[in-house]
Amino acid sequence: MKFSEFTKITDHAVVLSPNGLCVAYANQFRLIIQDIRTLAVVNVCRCADTISDIHWSPDSSLVLCIMRKRNSIQVWSASPSNWSCKIDEGSTGLIDACWAMDSRHILTTCDYFLRITVWSLSNTSVSYMKYPKACPKNLAFSPGGRYLCLLERRDLQDCMSIFDCQLEWRLVVNVQLPTKDSCGLEWSPDGRYIAVYDSCLYDTVAIFTADGRHLHTFSMSKGENYHLGVKSIAWSPSGQLLAIGGLVLVF
């Protein structure tokens, strides 16, 4: 069994690549990519500021480094290469960033959830999504990555928009939700359904089809039993069953 040398890591920023062949970690300004099998250092990249977080692209070819102090991100090739990319949100601020499923688009969320920006690494085009809901789980990609589902807040009403990622992020459908304060959504593994659930103060879960049609709404409060919100949901692998977890208060 082989062991690598000890190294300092910034803010627990250690991420294994999706293909399981490499690990990326941050040491202040530096991004280090290491081969899991040989323990050899594959690439070392120097960012413009201290790295706050690291995200691998789904195809394991690129690494995204978030620098929240500068409201910017830098993208590096996992293999030795001169290619790199920098995205600067400037005065709008930067809350978080994530990869699209095609590994060639990056989504950034600016301060106060004013908008989500989609940056293309292929043709440098930029798209915007307005009214994102201020919650941790406000977007999800369909299995295969063709569609993006986004929770929104428009005119004091919860809404859901579905975008086509292959057609320049075109809006496919926008629907109002029966939830009072939605805080997350999940695609079913087969891509046929979308489950939207309320925050911890409410107990509503709404089911929609992939084209935005409302199928059913569940409420866990019955009789004298009151459920204090939805804590978590999980689809079965077949997409036919949905488990909903919550806290039960009995009066």
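1. Ground rules. This is a predicted model, in which local features need pLDDT of at least 70, side-chain atom pairs count only at pLDDT 80 or more, and totals for chains, interfaces and linings use all residues. Residues are numbered from 1 along each chain as its sequence is written, and side-chain values use heavy atoms, with hydrogens and water left out.

2. Terms for the sheets. Strands are DSSP runs of E with at least two residues, numbered from the N terminus. Two strands pair if DSSP finds at least two bridges between them. Strands of a sheet pair through backbone hydrogen bonds, either parallel or antiparallel.

3. Start with the sheet β9-β10-β11-β12. It is open, has four strands in that order, and its pairing is antiparallel. Which strands form its edges? They are β9 (96-99) and β12 (126-130), and each pairs on one side only. From one strand to the next, the twist averages 20°. Angles like this one run from 0 to 180 degrees between N-to-C directions, with axes as lines fitted to C-alpha atoms.

4. Now look at β11 and β12. Strand β11 covers residues 115-120, and five bridges join it to β12 in the antiparallel sense. Take valine 118: opposite it in β12 stands serine 127. Take tryptophan 119: its opposite residue in β12 is valine 126.

5. Leucine 139 has leucine 150 in β14 as its bridge partner.

6. A further hairpin deserves a look. Strands β19 (residues 204-209) and β20 (residues 214-219) pair antiparallel over five bridges. Threonine 204 is partnered by serine 219 in β20. Four residues lie between β19 and β20. In the turn, glycine 212 has a positive phi of about 95°.

7. How many salt bridges does the rule count? The total is eleven. The rule asks for a side-chain nitrogen of Lys or Arg within 4 Å of a carboxyl oxygen of Asp or Glu.

8. Finally, the domains. The assignment gives domain 1 (1-105) and domain 2 (133-250); such bounds come from an automatic or database domain assignment. Their C-alpha centres lie 31 Å apart. Five residues from domain 1 and four residues from domain 2 take part in the contact, where contact means heavy atoms within 4.5 Å.

9. What kind of atoms does the interface bury? Domain 1 and domain 2 bury about 360 Å² between them, with 81% of it on carbon and sulfur atoms. Buried area is the accessible area (1.4 Å probe) that two parts lose on being put together, summed over both. Across this interface, the rule finds zero salt bridges.
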